Amino acid sequence: MAKIMDRLLLLVYSIIGFAVSVVALLLVSRIIPEREALDWVESLYGTDRLLQGIVITVSVVILLISLRFLYVALRRGNASSPSIDQRTEFGDIRISVETVENLALKAAAKQRGVKDLRARIRIVESGLDIMLRTVVDGESSLPLVTEEIQRAVKEHVEEITGIPVSSVSVFVANIVQTQTFKSRVE
């Protein structure tokens, strides 16, 4: 949710920055006459409370957005690579989600009939949810192939990482017919 909010703030900030840049360019290139610009600035100091309120509001919004971006830029965190943390008697272990994805892909790729693989890992209280998307050849039984993928991935990930796997979901996106060439003897 924070990433979506930061993107929205960045969009607003970019639009405001663009508008300020355009106005500054118009002023410097004298497309907006100097007298009109001075009249507008004088009206800020005058009695036009609505204009003063708008300028103050926009300024506060720009300041708050700038502070948020400064905080995001300077904050140190683990957001760059999500990981699974474990504590042992010797210390902490951190395994990146990308590592678990690669382990799942490696185990699934060893299965016969699997052509194309993608993996996504979700961390849940009961362990890991592994979701695989695959393309298989049309030569093998789909229930057998998917069951074998599930078993192999679960065993391999649990054996290597020590993290329990709560479920392995396999989505068969398509099948690919392999061409068999018969040798022709004359």
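A: α1 and α3 are oblique to each other. In the angle classes, under 35 degrees is roughly parallel, over 145 roughly antiparallel, 65 to 115 roughly perpendicular, and the rest oblique.

Q: What angle do the axes of α1 and α3 cross at?
A: Roughly 130°, and the axes come within 10 Å. Axes are lines fitted to C-alpha atoms, for helices over the stretch in contact, with angles from 0 to 180 degrees between N-to-C directions. Helices (H or I, at least four residues) and strands (E, at least two) are DSSP runs, numbered from the N terminus.

Q: Before we go on, what kind of model is this?
A: A predicted model: local features need pLDDT of at least 70, side-chain atom pairs count only at pLDDT 80 or more, and totals for chains, interfaces and linings use all residues. Residues are numbered from 1 along each chain as its sequence is written, and side-chain values use heavy atoms, with hydrogens and water left out.

Q: OK. Is the crossing of α1 and α3 left-handed or right-handed?
A: Left-handed. A crossing is left-handed if the near helix is turned anticlockwise from the far one by less than a right angle, and right-handed if clockwise.

Q: And α4 with α5, left-handed or right-handed?
A: α4 passes α5 in a right-handed crossing. Helix α4 covers residues 97–109 and helix α5 covers 142–161. Their axes come within 8 Å and cross at roughly 135°. That pair is therefore oblique, too.

Q: Switching to salt bridges. How many does the structure hold?
A: It holds 10. A salt bridge here is a side-chain nitrogen of Lys or Arg within 4 Å of a carboxyl oxygen of Asp or Glu.

Q: Why would such side chains pair up at all?
A: Opposite charges can pair when the charged atoms come close.

Q: Which residue does Lys-154 meet in a salt bridge?
A: Glu-158, at 2.8 Å from N to O. Both sit in helix α5, four residues apart, so about one helical turn separates them.

Q: How accessible are Lys-154 and Glu-158?
A: Lys-154 is partly exposed at 34% relative accessibility. Glu-158 is partly exposed as well, at 27%. Buried means under 20% relative accessible area, exposed over 50%, and partly exposed in between (1.4 Å probe, protein chains only).

Q: Which residues do salt bridges with shared partners join into one network?
A: Arg-35, Asp-39 and Glu-42.

Q: What about Arg-94, which side chain does it meet?
A: Asp-85, in a salt bridge of 3.3 Å, N to O. Arg-94 is partly exposed at 48%, while Asp-85 is exposed at 53%.

Q: And Arg-87?
A: Arg-87 bridges to Asp-92, with 3.3 Å from N to O. Arg-87 and Asp-92 are both exposed.

Q: New topic. Which residues form the nonpolar patch on the surface?
A: Ile-56, Val-60, Leu-63, Leu-64, Leu-67, Leu-70 and Leu-74. Together they have about 690 Å² of accessible area. Accessible areas come from the Shrake-Rupley method with a 1.4 Å probe; for residues, only the protein chains shown count as cover. Patches take residues with over 30% relative accessible area and no salt bridge: like charges are joined within 9 Å, nonpolar side chains (Val, Leu, Ile, Met, Phe, Trp, Tyr) within 5 Å.

Q: Take Leu-64. Buried or exposed?
A: Leu-64 is exposed, with a relative accessible area of 52%. It is found in helix α3, residues 49–74.

Q: Where is Arg-30?
A: In the loop between α1 (2–28) and α2 (34–45). Arg-30 is exposed, at 65% relative accessible area.

Q: Last one, Val-114. Buried or exposed?
A: Buried, at 14% relative accessibility. Val-114 is found in strand β3, residues 114–124.

Q: How far is Val-114 from Leu-11?
A: Their C-alpha atoms are separated by 42 Å. Along the chain, Val-114 and Leu-11 are 103 residues apart.
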